[in-house]
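Okay, everyone, thanks for coming.

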Amino acid sequence: MTAPLIDPFQRAISYLRVSVTDRCDFRCVYCMSENMTFLPKKELLTLEELDRMCSAFITMGVEKLRITGGEPLVRKGIMTFFNSMTRHLDSGALRELTLTTNGSQLERFADDLYAAGVRRVNISLDTLDEKKFADITRWGRLPQVIKGIDAAQRAGLRVKINTVALKDFNEDELFSLVEWCRSRDMDLTFIEVMPMGDIGNEDRIDQYWKLSDLRARLAEEYTLTDLAERTGGPARYVQLEETGQKIGFITPLSHNFCESCNRVRLTCTGELFMCLGQDDMADLRPALRNNPGDDAPLREAIRDAISHKPKGHDFDYSRQDVSGRVTRHMSHTGG
Ligand code: SAM
Ligand code: SF4
């Protein structure tokens with residue numbers, strides 16, 4: 001174990017999110033355009049390189065690893081990677097290994113993920129209506145995802161549903177989604193749409209449903225108690241007193257959460273983004289590829305990158321134009 005990673009604002013970096021592929025079997029309208037151009041395969045870090053990267057971060061104090069994408073479970077051989085991370089859970093260096101998925105492949109992978117030491121998964125689902133689901137994901141089918149959720153729960157994985165709050169799309173499903181999650185004992189978190197990447201024709205200002213509005217609507221039916229729980233990220237939680245459910249709100253746009261940020265994001269090509277909302281990044285791949293068998297230069301590159309972690313992001317929907325927009329897609333940096 002080497003010295004922990006501390007950024008210039010005295011924040012300890014203990015959480016790494018890793019995008020293992022930019023590809024996906026869905027084309028959600030807020031995330032991708034219909035005709036995406038993906039990276040050539042040779043640009044991607046191999047599974048062994050991903051292992052080296054993650055292991056380097058873990059020796060430097062990262063305790064939580066979230067695997068994401070694109071859709072992480074469409075990456076060929078991904079279970080080899082999960083299985084190799086199990087050793088860090090066994091040693092105690094890693095406290096949590098988890099993933100964010102669209103759920104489409106979970107029926108196939110849920111048991112293996114549990115066996116690898118995964119205990120919780122975030123599954124993205126924006127509607128319980130089959131037709132609307134097909135519309136919003138373009139290529140996804142709801143029954144397949146429901147089967148994935150069933151399989152995850154059967155395998156013993158704790159499920160949290162992530163729902164992007166979309167104006168005129170799932171506003172009318174607020175209470176049915178809350179009730180559905182209660183009936184299945186799943187946590188639920190709402191996410192505000194972020195201005196990331198060129199997604200074609202959709203207008204993000206039209207898509208934006210303020211979570212303060214959503215929260216106010218929820219408060220008409222339930223008694224909300226704020227929970228002190230913080231994860232170092234943009235999520236805030238409330239408890240619904242009537243049901244005991246925990247509901248999260250991820251509001252990167254309307255709240256400043258940056259002061260407690262404990263995380264960085266690694267892309268599938270080895271670029272390290274110190275902030276989701278900034279274009280500034282460090283390319284760690286040369287330090288990795290040019291030094292096979294020696295991780296010291298990689299650790300040095302990581303430490304140098306963390307010394308440039310910015311104080312916060314600049315997203316702002318308050319003006320008519322979406323300012324602070326970043327050009328890359330969420331699927332590139334990993335949600
Ligand atoms: N494919 C996986 C999934 O959908 O869960 C993992 C990657 S996806 C990029 C991670 C999360 O980012 C999903 O919950 C998705 O809804 C969210 N997301 C994608 N684009 C977004 C955007 N522009 N604003 C807010 N959330 C977004
Ligand atoms: Fe794929 Fe996830 Fe993006 Fe939807 S949100 S297109 S499932 S990466």
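First, a term: buried means under 20% relative accessible area, exposed means over 50%, and partly exposed is in between, using a 1.4 Å probe and protein chains only. This is a predicted model, where local features need pLDDT of at least 70, side-chain atom pairs count only at pLDDT 80 or more, and totals for chains, interfaces and linings use all residues. Residues are numbered from 1 along each chain as written, chains are lettered from A and ligands numbered from 1 in the order written, and side-chain values use heavy atoms, leaving out hydrogens and water.

So, the overall picture: of the protein's 335 residues, 58% are buried. There are eleven helices and twelve strands; those are DSSP runs numbered from the N terminus, H or I of at least four residues for helices, E of at least two for strands.

Now helix α3, residues 106–115: which of its residues are buried? Leu106, Phe109, Ala110 and Leu113. Down the axis of α3, they fall within an arc of 125 degrees (taken from the directions from the axis to the C-beta atoms), so they line one face. Remember, an α-helix has 3.6 residues a turn, so residues three or four places apart point the same way.

What covers that buried side? The cover includes α2 (78–91), β3 (96–101), β4 (120–124) and α5 (142–155), where contact means heavy atoms within 4.5 Å. On the face turned away, you'll find Arg108, Asp111 and Ala115 exposed. Just after α3, Gly117 takes a positive phi of about 110 degrees.
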